[in-house]
Amino acid sequence: MKPQKLSFEKKILVFFFLTLILISVIVFLSIRINTETKSTRNWVSLTEKVLSLADSLQNDEQEVVIQSRSFILTANENYLLSYTATNASLQRNLARLRQFTRENRWQQKKVDSLQAIYMGYLPIRQQAINLRRQKNFQLADVVQLIYKADTVLAQLRDIFHSLKSEQKQLLNDRKAAYQKNVEFSAWVVRILLLLFVFAILLAFYLVYRNSVNRRKAELALRKSEELVKSIIHYAPILVNVKDRSGKYILANQQFATAIQADAEHMIGKTCEGIIPPAIEALVNKEDNEVIKHGQPVELMIDLDAPGGKHTFLTSKFPLYDDKGSLYAIGTTAIDITPLKTSHEALLKSFENQQKILDGLQQALRTSLDLLCIIDGNGEFIMLSDTVRQLLGYAPKELMHKKFMDFVVESDRSQTAVIARQIMDGEPVADFTNHYRKKDGSIIPIIWSATWSAEDKLMYCIARNGSERVKTARQLAQSETRLLHAQKIARLGNWDWDLRNNTWSCSDEIYHLFGVAKETITNTQQFLLDSIHPEDKQQLVNARESLLAKGGKIDIEHRIITANGAILFVHTKGEVSLDNEGHPFWFSGTMQDITERKRSELQMKQLNSDLEKRAEELKASNAELERFAYVASHDLQEPLRMVTSFLALLQKKHQNEFDETSKKYIHFAVDGAERMKGLIQDLLHYSRVGASAEAFGTVDLNVLIKELQTVFAPALRENMGILNVQPLPVVSGHKMQLHQLFQNLIGNALKYRSSQNPFIEVGCTDEKEYWRFFVKDNGIGIDQRYFDKIFIIFQRLHTRTDYSGTGIGLAICKKIVERHGGKIWVKSEPGQGSTFYFTLKKSHNA
């Protein structure tokens, strides 16, 4: 163990005891130093001054430390005043000490060492003070500087102690010599002794008071340290310190709260299990970077803290000991989530504003509207660049000129009235007058303007009115066309002012009834009398209902024209209600639909004829299906007889026939077999429509499993694969669906390519339908034959290439259509084929 250093108070007591002993020695030896009194006294006085200076230096050094630490802890500039004064006093005392020890070469070296060490100590202490003055100072940096300064102070105090020890020894030697002057006057010695004792007592009092003050200062310092510790603990930033092995040696409350841990239990532990693994890996990586390079690093960390996800700006920095070795890694983190959120919101707002500004700028560039400002004197003070397109002038040419000078003479009086109205506080919109352009032509201008009483300015928007004039002209033309169209469509309109009981009708209404407008005095009564007697009450009832509660009318009825002809008309009308719910206006149209009615009657008769024809075709189709079934069934019996007798003939006379006869018999047998297959397929085709079996629930997964068993030998023989996706349960004819899938899968195996067959069966949901597909990697089909392959007896290959009758796909088409669906194919030669068909999800068979 290192020897424990004496405290300041104990050193003072030791000093007093030594002083009393020295006084005793001086008194004892004073009789013997009578002859050397003068010279010895000077030496003693000089030594005492050196010791006094040493004590002053030591006190100044303590005061410098106290004042600088007080400023670092409190940032109170008053402490720096005492610090500066004490520092100056210490340097002066060092200079005096050098002067008093100039004859002692060894002590001069120690004074030089004191001077050098102290000059090295001051910059460190000043650096700590300057760092403390910064707003965003790092406490760890200040603590490191204080630690470094204390190391220098330890060297300074060692030299002080050595210097004092030598001076004390020198004082003892000189006092011993002084004591030899025994002949010295007793009264002088006693007086000096009394004075010395008094000085000692005074020094004791001063030291005691200094001790009390220092104790108070230390208590304040401890309180400040606790305050700093509390500030760190509860600071709004996250603070932690880890040693080189990654164990926490400091963690404040904010850090513990952020990672939802206990600050006290974290000390001495690593971050494993304390922070999330993903963040742990990042933190350890950055800690290693700090240890490796010895440089601070900054990083962003997203942490799931209480209240949601937070983003922290984290700084990691190395901590060094007095030997310059990195012993720990400090970390501070600031929650920048609000700043980040505000920044993102600000960026979004800025982008939105930029879009609005860009859009406004583009609109101003592309708009033909003129923006201008006119002062109270009627002069232009601002014009947008569109004045070039509108009036032919550049903006500068019209600046500070009266707008009235450009208005044509005939419009000036009216324009002046409108301008006065605007300046009186009544905004005006869509006022039209005429301006004279730079080339002398006249253009109509549409103005909208408002007056700002505060600015005493008129803000105006103007646009070319030529289009409006053109539109008005076109409107008149449209009205003419409308009248012409009404005449062509035999459509007239009418209006009934219910409050004034007045009627107005278009010319086509009177033309429709075959009368001249000027001959009708009571339009309402005339229209009512012209309604066919059988339809009049219906129309009257509808009108009374509308007049009572409002609404619309849409009725087809008959009218009797002036020449007695009966016409069918379509009357539409609507009653308008006022704010109190009372009808005040009744308007509508009347159109001659006689031709349409005649066409409807003809169409009805035609539909009736078509329905009869459809029933006849249905009966004929049923008869044909029965005929096909019976014919195909009855044809099999004589065909079997032909086949059997040919087989017997071939077997009995096989050795008697020559090769030509054998070939003829073979052709006859082969033709009979093919005829048999054709009849059987025709029989299957006819049965599709003739079967009386009702539709039922069919599990296609079970049906496909049966087919997998059927096709298993062929698949094994050709090393093929049949891949079936899960299929739905459908409503349909089980045997026909079995035939459908069997034909499609069989074709996929029959028309295979040189590759091993791969057949895939699947289904997709199409709301009201199931859409199925059978996909293969076979020889494929040219697009030209997509429709042909579904026609009965149509073949794309010779019988020597592929067997079959050409009925299989026709049967598939008939089965699918009977189930309310459709079938089609997608294929390319050499790329395989995919047959698609749909089945209704639910229907009645």
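This is a predicted model: local features need pLDDT of at least 70, side-chain atom pairs count only at pLDDT 80 or more; totals for chains, interfaces and linings use all residues.
S7 and S8 run antiparallel and are joined by three bridges. They form a hairpin with four residues between the strands, and within this hairpin glycine 378 adopts a positive phi near 80 degrees. On its other pairing, S7 is antiparallel to S11, with six bridges between the two strands; here leucine 371 stands opposite isoleucine 461 of S11. Strand S7 spans residues 370–375, and five of its six residues are buried, so the strand is largely enclosed by the rest of the structure.

These pairings belong to an open sheet of five strands, arranged in the order S8-S7-S11-S10-S9 with antiparallel pairing. Its edges are formed by strand S8 (380–383) and strand S9 (428–436), each of which pairs on one side only. Neighbouring strands of the sheet are turned against each other by 30 degrees on average, direction ignored. Strand S10 (residues 442–452) and strand S11 (residues 457–464) run antiparallel and are connected by eight bridges. Threonine 450 is placed opposite tyrosine 459 of S11. Helix H13, comprising residues 412–423, lies across S9, S10 and S11 and runs at about 145 degrees to S9.

A further open sheet, also described by the model, consists of five strands in the order S18-S20-S21-S23-S22, and its pairing is mixed. Strand S18 (721–724) and strand S22 (823–827) are the edge strands, each pairing on one side only. From one strand to the next, the twist averages 20 degrees. S18 and strand S20 (residues 758–766) run parallel and share four bridges, and the bridge partner of isoleucine 721 in S20 is phenylalanine 758. Helix H20 (residues 700–717) packs on this sheet, where it touches S18 and strand S21 (769–775); the direction of H20 makes about 175 degrees with that of S18.

Glutamine 783 is located in the loop between S21 and H22. With a relative accessibility of 61%, glutamine 783 counts as exposed, because the threshold for this class is over 50%. Although 43 residues separate glutamine 783 from lysine 826 along the chain, their C-alpha atoms are 8.0 Å apart. Helix H22 itself covers residues 808–818, and its buried residues include Leu809, Ala810, Ile811, Cys812, Lys814, Ile815 and Val816. Just after H22, glycine 820 takes a positive phi of about 80 degrees.

Ile249, Leu250 and Tyr327 make a nonpolar surface patch of about 260 Å². Of these residues, leucine 250 lies in strand S3, which spans residues 248–251. Leucine 250 has a relative accessibility of 35% and therefore counts as partly exposed, this class lying between the limits of 20% and 50%.

Note on methods
Residues are numbered from 1 along each chain as its sequence is written. Side-chain values use heavy atoms; hydrogens and water are left out. Patches are made of residues with over 30% relative accessible area and no salt bridge: like charges are joined within 9 Å, nonpolar side chains (Val, Leu, Ile, Met, Phe, Trp, Tyr) within 5 Å. Accessible areas come from the Shrake-Rupley method with a 1.4 Å probe; for residues, only the protein chains shown count as cover. A salt bridge is a side-chain nitrogen of Lys or Arg within 4 Å of a carboxyl oxygen of Asp or Glu. Buried means under 20% relative accessible area, exposed over 50%, partly exposed in between (1.4 Å probe, protein chains only). Two strands pair if DSSP finds at least two bridges between them. Axes are lines fitted to C-alpha atoms, for helices over the stretch in contact, and angles run from 0 to 180 degrees between N-to-C directions. Contact means heavy atoms within 4.5 Å.
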